[in-house]
Amino acid sequence: VAVAAITGAPDPRGVPAVIAAGALAVLLLFFVLRRFRAGKDKDTDLARERARVHADAGRSLLTRLDRLLSTPQWTDAELAQTAEDAREEFRSALREFPRSPEAALDMARAYRFEGKRDDAIEWCTRAVELSAYFPTALLERAILKLEKYEEMRHDKYGRQKDPGPEGTALRREIDAELEQVKGSTRERREVMLADGILAHAD
């Protein structure tokens, strides 16, 4: 074929041989690409599994925290250490699989246990950004923002006050997010929670 291409002489094997060679090249390329994709899929599955192991360990620590806080025996040091241990598991999960919205939401929950609301809101936002459909993260972020809003519209004695422009803007964000939750989820529980939060905020 190379000689014919250079000299212009006809290829004695004819056109069918050229077509067959081209088809073989396409098949080889297809095979290589399929093997490459299969390898990437396998690596992704392994990463997901390793991330799941860390995430499950972190959730077990959050469950322990929940039980701990239901007793009078807990200490601030124990709370902080257990929450940090849980966050380290979620960090490990995210190192294995950075695009895990569930692990990002779990990070938010671990921060919320310590009352670190701004950090929790930031991680809820990351969870929302990592998933095209995650109304649970939207709902939890709205709840955190509502807690912040309630603090802004009450003084230290619990009396209502004007939350100011920042509080008014925050309230609009809360309303919009809760409406988005209601519009994007089929889960009755989440819709009822959104309705309840909106009613409570009035």
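**Close-up views of a predicted model**

**View 1. Glu177 and its neighbours.** Leaving out residues up to four places away in sequence, Glu177 touches Leu138, Arg141, Ala142 and Lys145 (contact means heavy atoms within 4.5 Å). Glu177 sits in helix H7, residues 164-184 (helices are DSSP runs of H or I with at least four residues, numbered from the N terminus). Is Glu177 buried or exposed? With 8% relative accessibility, Glu177 counts as buried (under 20% relative accessible area is buried, over 50% exposed and in between partly exposed, using a 1.4 Å probe and protein chains only).

A word on the model: it is predicted, so local features need pLDDT of at least 70 and side-chain atom pairs count only at pLDDT 80 or more, while totals for chains, interfaces and linings use all residues. Residues are numbered from 1 along each chain as its sequence is written, and side-chain values use heavy atoms, with hydrogens and water left out.

**View 2. Helix H4 against helix H5.** Here H4 (residues 101-113) packs on H5 (residues 117-130) at about 170 degrees, their axes 8 Å apart (axes are lines fitted to C-alpha atoms, for helices over the stretch in contact, with angles from 0 to 180 degrees between N-to-C directions). That makes H4 roughly antiparallel to H5 (the word applies to angles over 145 degrees). On the H4 side, look for Pro101, Ala104, Leu105, Met107, Ala108, Tyr111 and Arg112; they meet Asp119, Ala120, Trp123, Cys124, Arg126, Ala127 and Leu130 of H5. This H4 and H5 contact has 11 nonpolar, no polar and three charged residues (Ala, Val, Leu, Ile, Met, Phe, Trp, Tyr, Cys and Pro are nonpolar, Asp, Glu, Lys and Arg charged, the others, Gly among them, polar).

**View 3. Helix H3 against helix H4.** The axes of H3 (residues 76-96) and H4 come within 9 Å and cross at roughly 170 degrees. H3 and H4 are therefore roughly antiparallel to each other. From H3 come Leu79, Ala83, Arg87, Phe90, Arg91, Ala93 and Leu94, and from H4 come Ala103, Ala104, Asp106, Met107, Ala110, Tyr111 and Phe113. The H3 and H4 contact divides into 11 nonpolar, no polar and three charged residues.

**View 4. The largest pocket.** Its volume is about 200 Å³ (on a 1 Å grid over the protein atoms alone, a pocket is an open set of points where a 1.4 Å probe fits, with protein on both sides within 12 Å along at least five of seven lines, and lining residues have an atom within 4 Å of a point). Of the 13 lining residues, Arg48, Ala51, Phe97, Ser100 and Glu102 are the closest to the centre. H2 gives the most, five residues.

Notes. Helices (H or I, at least four residues) and strands (E, at least two) are DSSP runs, numbered from the N terminus. Angles under 35 degrees count as roughly parallel, over 145 as roughly antiparallel, 65 to 115 as roughly perpendicular and the rest as oblique. Grid points are joined across faces, edges and corners, and a volume is the space filled by probe spheres set on the points.
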